[in-house]
Amino acid sequence: MKKSLFLVTLGAVALLSATAIAGTLDEVKSRGKLNCGVSSGTAGFSAPDAKGVWQGFDVAFCRAVAAAVLGDPMKVEFVPTTGQTRFTALASGEIDVLSRATTWTFSRDTDLKLTFAGTNFYDGQVFLVKKELGVSSAKDLNGATVCIQSGTTTELNLAEYFRINKMTYEPVPVDSSAEGERQYQAGACDVYTSDGSNLASVRASFPNPSDHVLLPEIISKEPLGPIVRQGDEQWADIVHWTESALFAAEELGVTKANVDQLADGSDNPEINRLLGKEGDLGKMLGLDAEWARRAIAAGGNYGEIFATNLGDQTPIRLERGLNALWTKGGLMYAQPFR
Amino acid sequence: MANAITFPTLEPHQAFRLSMLLNDGRYRSYTIQIFVLMCLMLGIAWLVDNTIRNLALLGKDFSFSFLWSTAGYDINQRLIEYDTQMTHGRAALVGLLNTVVLAVLSCALATIIGVVAGVLRLSGNPIVARLTVVYVEVFRNIPLLLWILVFGAIMSEAVPAPNAFKGENATAGMILGAVAITNRGVFIPEPLFTRDLGTLNLGIVEPSLNAIAVLVVVIACVLISRVLVRHANRVQSQTGVRPVIWWKTMTVLAAPPLLLLWALGFHLGYPELRGFNFQGGFQLRNALIAMWLGLGIYTGAFIAENVRAGILAISKGQTEAAHALGLRPGKTMRLVILPQALRVIVPPLISQYLNITKNTSLGLAVGYMDLRSTLGGITINQTGRELEGMLLLMLIYLSLSLIISGSMNAYNARVGLKER
């Protein structure tokens, strides 16, 4: 009897919980925090610091969105995802935005029904090997054992690269960057392959980074950026334009330090529009006028975010390269704010 | 119905009224059951409807066509032909075979460990008995995933890398020049044939005809030797004298297979260090060994308890009677106690075999490419077909479990107590 009562209750609850799906923006606002999917522990991109506060390049982006939408960069719940769980987490609504060095590919955009909000990091797949192995080119890797994160585009690129070059390899699939790092350090694989930025981050955490080399071949294009579910255009716009605002801020010379001062008004109309002094761009997004100002104040403009998390002052020491502004020979280009 | 409540009366032919569905004990249970069934069906209908709506909302359709598209990813352990240009369906099959191999190996190991430990725990020698208690309690009470990770870490960190075998002052050597234990796996010699009979094309799989030939001959020899033994038994029971047949059975068992192996040009291929790694030979990957040891030793502790329970269920009089007949303790256990204990041991053993089979899905923790890692991991991730993939995965695990429990139940019926 108890069992049947339970079943009846279950049925009733199931019927009642069939609620209409609201827009992501309203959902985030009513929840009061942004659920942001990140990788679990990649130094420089997303990892909790000693105090348990998440830090990194991908994290900074989540904070900018939270600041724009909710007014507080700390109102973010970080959900660690693996290469295999990230898309399911996004599709099921567990997270509102995925900021996890995820490559923009055709099938993910179309078949997986994701919307890429833009590229905030241009990367490419490379190989990390121990110096003592004496390998100077990826073409010498025939027969090598390769650690690879399971379920990534890296895995497919690797298979294709070795097939095209008529080489064989022994894949050791790993679940996370940390596990790959452990296996590589234990010597269970000769090579660890991943995006260049990821490997730079991995190498920086080794006791003696100079014993390891990144091979010169870049075997793929990896445009990385934040992702949202397909079908919610307003939310996709918010994420895209928050990202663009960070690019534009660097281009226009708006920094974390001077954003408040510039928000009071400047003689550059585009800065005025961006920071909410002129026009009503914020309203068009469904936000208030100061959305971009808060997003920039959260962690600085794109250049500042890059410098604090990945740049020369950090152990990762990545060069801007392709990730410099278009005005400085890179690919970072914000659509006009007008 | 605005009737007043009716009370059951003693009249046998009372006319049926609708209110009796609730008030009459004869009908009430049916009413409740039908109501609950309808609620359950409503619940299921809601779930299905909700799924379809949500899929439509996400713009996804429901289709298994992804199984026929190119997989593109590599699987290191493959029992059948597979390369990255084959389909996701093929990759799933490779993963399924890996799951089955691991399950069979682990069940065998767990059974051996379990029976030995179960018997030893009842040993009269206190040291042996206590050590077994320690083994059982330590392994039973720590989660399986941790054991798998421990064995995985041992296999990747505590054994030498292949380049330790290299050069003049190598720090590691091969065992008997034939077996190399490295952090990439254990390399053992592999059987090779100089004459190849080719392969048998069965569509999906192409087993080697050499292997089939050897298998057929060995089975035939075993069957013939059993005929010989049965004949000897018959002669013994009729005449009281057992004919000497050991040389006959030995010849039957050994000669034909050896002749066949010689005819096919059988030899061993030894692993040797070439380039980055050992080449040739048969590679038992670390992931397989870690999973095998983890599953086998962990579940062995549970089986040990089943075996102990089974032995304790047999009355002590059986042992005493066997001893009174002059049977030694070993023979008493093997011939008297264990056969009777089996009917207590086998039913929980079936559950343990099912546990092992399902627990193989922890393989990804050490990078073992089983069904969960191929179909349930990479394929789902690359194609975005979570629902279809998971349904398929559940269906396959369900079928596997039903097959195991079906065949084990058949075995149980055979060893069970036969009352005549």
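Author: Gladly! Let's begin with Lys113(A), which counts as partly exposed because its relative accessibility is 22%, and buried would mean under 20%. Please keep in mind that this is a predicted model.

Reader: Where is Lys113(A) placed in chain A?

Author: Lys113(A) sits in the loop between helix H5 (106-110) and strand E6 (114-116) of chain A.

Reader: And what should I know about phi?

Author: Most residues other than glycine have a negative phi. Here, Lys113(A) has a positive phi of about 60° although it is not a glycine. Lys166(A) is not a glycine either, and has a positive phi of about 55°.

Reader: Is Lys166(A) buried or exposed?

Author: Lys166(A) is exposed, because its relative accessible area is 75% and exposed means over 50%. Lys166(A) lies in the loop between H6 and E10 of chain A.

Reader: Which residues does Ser244(A) touch, leaving out those up to four places away in sequence?

Author: Ser244(A) touches Ala334(A), Gln335(A) and Phe337(A). Ser244(A) belongs to helix H9 (residues 233-252) of chain A, and counts as buried because its relative accessibility is 1%.

Reader: What volume does the largest pocket have?

Author: The largest pocket has a volume of about 1700 Å³. Its lining comprises 49 residues, and Asn76(B), Arg78(B), Glu190(B), Phe282(B) and Arg285(B) lie nearest its centre. By class, the lining has 25 nonpolar, 14 polar and 10 charged residues. Elements that each supply at least two lining residues include helix H6 (153-164) of chain A and helix H3 (88-121) of chain B.

Definitions and conventions: Residues are numbered from 1 along each chain as its sequence is written. Chains are lettered from A and ligands numbered from 1 in the order in which they are written. This is a predicted model: local features need pLDDT of at least 70, side-chain atom pairs count only at pLDDT 80 or more; totals for chains, interfaces and linings use all residues. Side-chain values use heavy atoms; hydrogens and water are left out. Helices (H or I, at least four residues) and strands (E, at least two) are DSSP runs, numbered from the N terminus. Buried means under 20% relative accessible area, exposed over 50%, partly exposed in between (1.4 Å probe, protein chains only). Contact means heavy atoms within 4.5 Å. On a 1 Å grid over the protein atoms alone, a cavity is a set of points where a 1.4 Å probe fits but cannot get out, and a pocket is an open set with protein on both sides within 12 Å along at least five of seven lines; lining residues have an atom within 4 Å of a point. Grid points are joined across faces, edges and corners, and a volume is the space filled by probe spheres set on the points. Ala, Val, Leu, Ile, Met, Phe, Trp, Tyr, Cys and Pro count as nonpolar, Asp, Glu, Lys and Arg as charged, and the others, Gly among them, as polar.
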